Amino acid sequence: MSLCFNSDKTVLLNHAAAVSKEELKKQEEELKKIEQNRPTSRSSYFGIVDLAGFPKDRYYLYQSRWRPDYPMVHILPHWNWEDKNGKNVPVFVYSSGDEVELFLNDRSLGKKFKQPYEYRFRWDSVCYESGELKAIAYKDGKKWAEKHVRTTGKPVKLKLTPDKTVLKSDGEDLIFVRVSILDADGNEVPTAEPVITSSVSGPGVIVATDNGDPTCLIPFHEPERPAFNGLYLAIVKARKGSEGKLRLRVEADGLGKEEIDFQIQNEGLEKRYLLTD
């Protein structure tokens, strides 16, 4: 399967017939500049999740369309823009509701109603100021869902969120641990990118780490890599036939360390106990 990138020539050719020769020449010149400065990538930028499995904004667009009965609302972008005070920052919202009201620091920026063939609610002229951006969605005139994003403080600690806590020792079962970076108030810091290192103690191994950055060329088996968009992923498994506990430790300079224990389930051992009984 070939991978197509936004600056790929095929993208330009896909609409070349619809533009003038002057516009096409201008785009070709822009393409050359992009090619000269574009970092090497290991994957396509398309899709609703990245290589680490972290949802992109578009994930919530599809969720809002494919699950119309699921109460949800999603705001983009994040709200950490220190260099844009007083400047315009467009805000988009995805929701399964039929109307959304947006608030900036408890001031209403107005309601938007979903029109036919519209897939997002748009506020194109939001004057940025730090604080809280909140969206309240309504459906059939009743409150449906609510979400907020906040300007965060400096990163101070790590948070580990595993997809489960019991691990089979069949040599194949995996646990995916989402590592997020928090400020003092417990908010995820989407702009934090410290170098994070993970290690295990007990009968198990780190199978891979990732951060979702398509331009990060660090091999998956390396336990150390920078976070991306405030996130890092560690994947662990138990050694085949083992039992007991497996401990994962994750640490970063200035953020301390966090540990989490997983119980190893040896099904073969349990069967032997049952036969003995």
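Let me begin at the hairpin that strand 3 and strand 4 form with 2 residues between them, where Asn105 in the turn has a positive phi of about 50°; strands here are DSSP runs of type E with at least two residues, numbered from the N terminus. This is a predicted model, in which local features need pLDDT of at least 70 and side-chain atom pairs count only at pLDDT 80 or more, while totals for chains, interfaces and linings use all residues. Residues are numbered from 1 along each chain as its sequence is written, and side-chain values use heavy atoms, with hydrogens and water left out.

Strand 3 runs antiparallel to strand 4 (residues 107-113), joined by 5 bridges, and also antiparallel to strand 6, joined by 6 bridges; two strands pair if DSSP finds at least two bridges between them. Leu104 stands opposite Arg107 in strand 4, and its bridge partner in strand 6 is Leu133.

In strand 3 (residues 99-104), 6 of the 6 residues are buried, so the strand is largely enclosed by the rest of the structure. Buried means under 20% relative accessible area, exposed over 50%, and partly exposed in between, with a 1.4 Å probe and protein chains only.

Now to Glu129, which sits in the loop between strand 5 (121-123) and strand 6 (132-139) and is partly exposed at 28% relative accessible area. Beyond its neighbours within four places in sequence, Glu129 is in contact (heavy atoms within 4.5 Å) with residues including Leu104, Asn105 and Arg107. Finally, Glu129 and Lys87 are 42 residues apart in sequence, yet 8.5 Å apart in space, C-alpha to C-alpha.

Definitions and conventions. Helix = DSSP H or I, 4+ residues; strand = E, 2+ residues; numbered from the N terminus.
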